[in-house]
Amino acid sequence: MKPVRYEEYRPIERPSYEEEMEEVVAQVARRTRASVERETVGRAVRAAHAKTYGLLKATVTVGDNSGFYGQGIFARPTAYDAVVRYSNGLGHHRPDHQLGAACGMGIKLFGVAGPSLLEDERDSGTFDLNLINNEVFFANTAYDYMVIEDLFAELPEALVDPVRRKTWMAEFLTRRHTLTDPDSWLWDELLAMLSFTAVPRQNLLSYTYNSMGAFRYGDHIAKIRTVPTAASLASLTHPIVDVRADNEAFRRTLVAEAAERDHSFELQVQLNTDLARMPVDNTSVKWPEDLSPWVAVARVDLPRQDIGGHDNLAAADATSITPWRSREEHRPIGEIQRVRQEVYRRSSIERHRINGQERREPVGSAELLG
């Protein structure tokens, strides 16, 4: 099927969006400030992806893509210096067995031409991909995010308690009882949220990581993911992480694998060919692969390296990843993507202010990792 053209997409404009967006930003700022005392690690942590597992030097090599796939930064063969940050998706800094298995892979490319979409760093030269090890997301509007973000502050305890689990899911489904018509309940979002509980705990280098949200892809619309190459997957010597035996199982496994050998991923895109069956504004619905296959457009290589020091965790924690550190040819689209733009920016500003950290984009991997 022929890919949908970017101009065919019409964003949904809701009159209450700006007011709801301001409340979301204020809510995240409050949680960021409260995290200093709540998480007891001596600093403010992110409202999501609070616990980092490591930062790795990488190279992203763009292939010889043509036609629909040769768009934006993927239009011509290029090799980019990069870093990859791994993290846990929840907003807590705890032992691994007290966290879920939703984990993120953030990729930052350096030396990318063109102005960034972030107004306060137009000439930074960096380009981020914010990915997670699931195909779907659990919020699609600013209002949903506002309610759900508050409910997520109770995780993972709320889903472990048999009594609170039922009321928690009821509040999630009905947006804390503000949705009275069952036809408007958040069924897609609830199923997407529950799919995160089925993610197995395994080696961070063995997951497939997805953008979940959609992006402009030059003349078209796409989602992005990374998939470990067959050779890299076969080379893993620590496929399973035992969080009961080791409170830092994800980190230690990643450190061991990184020190032993090189690892690699394919960076793939899935073009949108049907806006009805591949919705942009509902990130809780998986785009069918029979409508559009995933196609590799680049490769991510992680050379063998030592990431075992405390300085590596400090560098990982200070590294900011946002889908809006992008270019016009890859503009994030959909309401939840717009929510991320300001939430990530304001959260980063508040966290750096509290922690006394300079908020500045690095110019290359060597600045972060030596």
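**Entry 1: His330**

I looked up the burial of His330 in this predicted model: its relative accessible area is 3%. Since the limit for buried is under 20%, His330 therefore counts as buried. I located His330 in the loop between helix H8 (310-318) and strand S10 (332-333).

I then listed its contacts, leaving aside neighbours within four places in sequence. His330 is in contact with Gln71, Gly72, Ile73 and Phe74, with Phe127, and with Phe215, Arg216 and Tyr217. For Arg216 I also recorded a polar contact: its backbone oxygen lies 3.5 Å from a polar atom of the His330 side chain. As a distance check, I took the C-alpha atoms of His330 and Met278, which are 52 residues apart along the chain and separated by 18 Å.

**Entry 2: Asn133**

I next turned to Asn133, in the loop between strand S4 (127-132) and H2.

Which backbone atoms does the side chain of Asn133 reach? I found the backbone oxygen of Ala101 at 2.9 Å and the backbone nitrogen of Cys103 at 2.8 Å. Leaving aside neighbours within four places in sequence, I noted contacts of Asn133 with Ala101, Ala102 and Cys103, and also with Val199, Tyr207, Thr208 and Tyr209.

**Entry 3: nonpolar cores**

I examined the largest nonpolar core, which has 83 residues; Tyr86 and Phe138 touch the most other members. Helix H2 (residues 142-152) gives the most to this core, namely seven residues. A second, separate core holds 10 residues, among them Tyr6, Ala214, Ile221 and Val280. In soluble globular proteins, nonpolar side chains tend to be buried together.

For Phe138 I wrote out the contacts beyond four places in sequence: Ile148, Phe152, Phe172, Glu189, Ala192, Met193, Phe196 and Ser284.

**Entry 4: the whole chain**

I counted 10 helices and 10 strands in the protein chain. Of its 370 residues, 55% are buried.

I compared the radius of gyration with the globule rule: a compact globule of 370 residues would have a value near 21 Å, and the chain has 20 Å, so the two agree. Along the principal axes, the C-alpha atoms fill a box of roughly 50 × 50 × 40 Å.

Definitions and conventions. Residues numbered from 1 in each chain as written. Predicted model: local features only at pLDDT ≥ 70, side-chain atom pairs only at ≥ 80, totals over all residues. Heavy atoms only, no water. Core = buried A, V, L, I, M, F, W, Y, C linked by side-chain atoms within 4.5 Å. Buried < 20%, exposed > 50% of the residue type's maximum accessible area, 1.4 Å probe, protein only. Helix = DSSP H or I, 4+ residues; strand = E, 2+ residues; numbered from the N terminus. Contact = heavy atoms within 4.5 Å. Polar contact = N/O pair within 3.5 Å; in protein donor to acceptor, adjacent residues only side chain to side chain. Rg over C-alpha atoms; globule rule 2.2 N^0.38 Å.
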